[in-house]
Amino acid sequence: MPGSTFNVIVIGAGPAGENVAARAAAGGLSVALVERELAGGECSYWACMPSKGLLRPGEVLAAARRVPGAAAAVTGDIDVDAVLERRDALAANFSDQGQVDWIEGEGIEFIRGYGRLAGERRVEVTADDGEVTVYEAARAVVVATGTSAAIPPIDGLRDIAIWDNRDATTSKQVPRRLLILGGGVVGVEMAQAWRSLGSEEVTIVEMEDRLLPREEPFVGEELGHAFEELGIVVRTGIAMSKVTRDGADGPVTGVLEDGTEILADEILVAAGRRPLTADVGLDTIGLDPGGYLEVDDQLRVTAVDGGWLYAVGDVNGRSLLTHMGKYQARIAGDHIAGKGGDVAAWADHRAVPRVVFTDPQVAAVGLTEAGARNQGIEVRTVQWKTGGVAGGATLGRGIEGTSQWVVDAERRVLVGATFVGPGVGEMLHAATVAIVGEVTLDKLWHAVPSFPTLSEIWLRFLEDYGL
C-alpha cells in the first residue's frame, strides 16, 4: 500500500533517532519517525535510566557510611519494593506517551510499526495488524535501530532461559544467586545493583584479565578490590565453557574452562552487543544484513552511492553510548538539512566521555595511556589519589581511587583522563572540554579549582607535571 512522501524517514526512535528527526525538522524538512517498540529506546526503558534507579540507593548508603556521625544513622535494609517502584518511574512506567507527544510537538510524523528499507529511498512499515505501507524519502533515510545483547557461542547458552540487559534492569524480584557473564559496563553495574538490593551471591566471569578491560589497568584492579569488599566474586582471565539449567526455570550451572562449577538462580549475559541490522532491508539495496553500518564523518553509509542513507547511534559501531549517538544525530540532522560550514563528527574518534555508575564510579574520556602510545603520541602520564586533596577529606573516610591524566608531551595538551572515586562522573566534563579545546597545560594552570573540592586534584596534576 503506498504511503506519504517525506523529506526524511528515520527508522528507530531511540535517543539517536529522535534527535536526528528533531534536528532535520528544525531545519525545515518534513520528517517521519518509525518505531516498533517504545519511543525513547533502549536507554530510556531498559538500560541507562532504570539501571541508575537500581544503583542509586546503594550509592547513597555507601556515601553516608563513609561519614562519621551519619554512618550511625544508617540502619535497616533497603526497601526493595520502593526501589523497584522508583526504577519504573524513571522508565516512565514503560509508557512512551510523553515521548510521542514530544515527537509530534516537534512537527515530526510518528509512525508505529516495524520499518525496513524497501529499495532506494523507500521504507516499508509493517503495522501491528500486519498492514504494510511503503513510504518515500525525497532526501534521506536514517537507520537508528541500535543494538541488542550478543550471545557468545558457549555450549548450552542458547538452549536455556537467560537474562540480558533488559531482564536485569526490569526484574521484579531480587535473585538470590546471580551469575554474570562479562565484566564490562553492564556486568559491573548490575553486579553492584543487585548485590546492594539483597542478592546473596553475585559472581562475575570475565575472560579478559581484569574488569572493564578497555579502560586503564588500574581501573579494573580498584573496582575488583571494591567488589571483593562487597562480597562480589570476580573471576577474570578465564572463560565459561558450558551452561545448563535444571528445567525451564530451575538453577543454572556455569562450568568454567578449569572445571569450576558456579551455581546461580539467574545468569546475566553481558558479553557485548550486536547491531540490529539483520532485518532492516539492507539486502534490498545490495548490502549484507547483520553487521554494523560503516559511515563517514557526516554519518552517511559509505557502501551506498548517492549519499541518501545515514546511520546514527550504536548501529554504526563508532561509539556505543547514548550521548555520542545523540551527538552524531545532531551532526547528521544538520547535514541532511543542508546546514553550511564544516558539518562533521570527530568527537567520537578522540573525545568520548564515559561513566560507569558503580561505587566507586569510573569516569574517563579520550585515550588511555596504551591507546595514545599506539597512535605514536609522545606520552607523559600523571597519577594522583582521587581522595588525596582536602575535598576528599570532607566527603568522609576511605575516599579511594586513582585519577590519571594522559598528556601529549610534544603539544602539551591533554589527550585522555580517567578518574576513579565517589561521584567522579560529575568531574569528567572539565577533562572533556580540555581535550576537545586542546587547552594547553600552560593555560590550564590558570583554571583555578575551588577549595575544598575534589577538583583540586587538577592542581595536583599540573604541579606534579612540573608547572
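# Close-ups of a predicted model

**View A. Helices α3 (48–65), α7 (185–196) and α8 (217–230) each put at least two residues into the lining of the second largest pocket.** The biggest share of that lining, 6 residues, belongs to α3. Helices here are DSSP runs of H or I with at least four residues, strands are E runs of at least two, and both are numbered from the N terminus. This is a predicted model, so local features need pLDDT of at least 70 and side-chain atom pairs pLDDT 80 or more, while totals for chains, interfaces and linings use all residues. Residues are numbered from 1 along each chain as its sequence is written, and side-chain values use heavy atoms, leaving out hydrogens and water.

**View B. Here we stay with the second largest pocket, which has a volume of about 780 Å³.** A pocket is an open set of points on a 1 Å grid over the protein atoms alone where a 1.4 Å probe fits, with protein on both sides within 12 Å along at least five of seven lines; lining residues have an atom within 4 Å of a point. The volume is the space filled by probe spheres set on the points, which are joined across faces, edges and corners. In total, 32 residues line this pocket, and Ala62, Arg66, Gln192, Leu230 and Asp359 sit nearest its centre. By type, the lining splits into 13 nonpolar, 9 polar and 10 charged residues (nonpolar: Ala, Val, Leu, Ile, Met, Phe, Trp, Tyr, Cys and Pro; charged: Asp, Glu, Lys and Arg; polar: the others, Gly among them).

**View C. Two prolines follow cis peptide bonds, Pro360 and Pro452.** Asp359, one of the residues nearest the centre of the second largest pocket, is joined to Pro360 by a cis bond with omega near 10°. Pro360 belongs to the loop between β17 (353–356) and β18 (361–366). The bond from Phe451 to Pro452 is cis too, and its omega is near -5°. Look for Pro452 in the loop between α14 (441–444) and α15 (457–465).

**View D. The largest nonpolar core takes in 58 residues.** Such a core is a set of buried Ala, Val, Leu, Ile, Met, Phe, Trp, Tyr and Cys residues joined through side-chain atoms within 4.5 Å. Val10, Val31 and Leu309 have the most contacts inside this core (contact: heavy atoms within 4.5 Å). Leaving aside residues up to four places away in sequence, Leu309 touches Leu117, Val141, Val143, Ile285, Leu299, Arg300, Val301 and Val304. A second, separate core has 29 residues, with Leu55, Ile78, Trp194 and Leu223 among them.

View E. Buried means under 20% relative accessible area, exposed over 50%, and partly exposed in between, using a 1.4 Å probe on protein chains only. Leu212 counts as buried because its relative accessibility is 5%.

**View F. Cys43 and Cys48 form a disulfide, with sulfur atoms 2.2 Å apart.** Searching the whole structure turns up 1 disulfide (a pair of cysteine sulfur atoms within 2.5 Å). The link is left-handed, at -125° about the S-S bond.

**View G. Helix α15 has buried residues, namely Ile457, Trp458, Arg460, Phe461, Leu462 and Tyr465.** The cover over them includes β19 (379–385), β20 (402–408), β21, α13 and α14.

**View H. Gly425 sits in the loop between β21 (413–421) and α13 (428–436).** With a relative accessible area of 19%, Gly425 is buried. Beyond residues up to four places away in sequence, Gly425 touches Val355, Gln361 and Ala363. Its C-alpha atom is 37 Å from that of Pro251, which is 174 residues away along the chain.

**View I. Thr253 is part of strand β12 (residues 252–256).** Its relative accessible area is 18%, so Thr253 is buried. Not counting residues up to four places away in sequence, Thr253 touches Lys242, Val243, Thr244, Glu261, Ile262 and Leu263.
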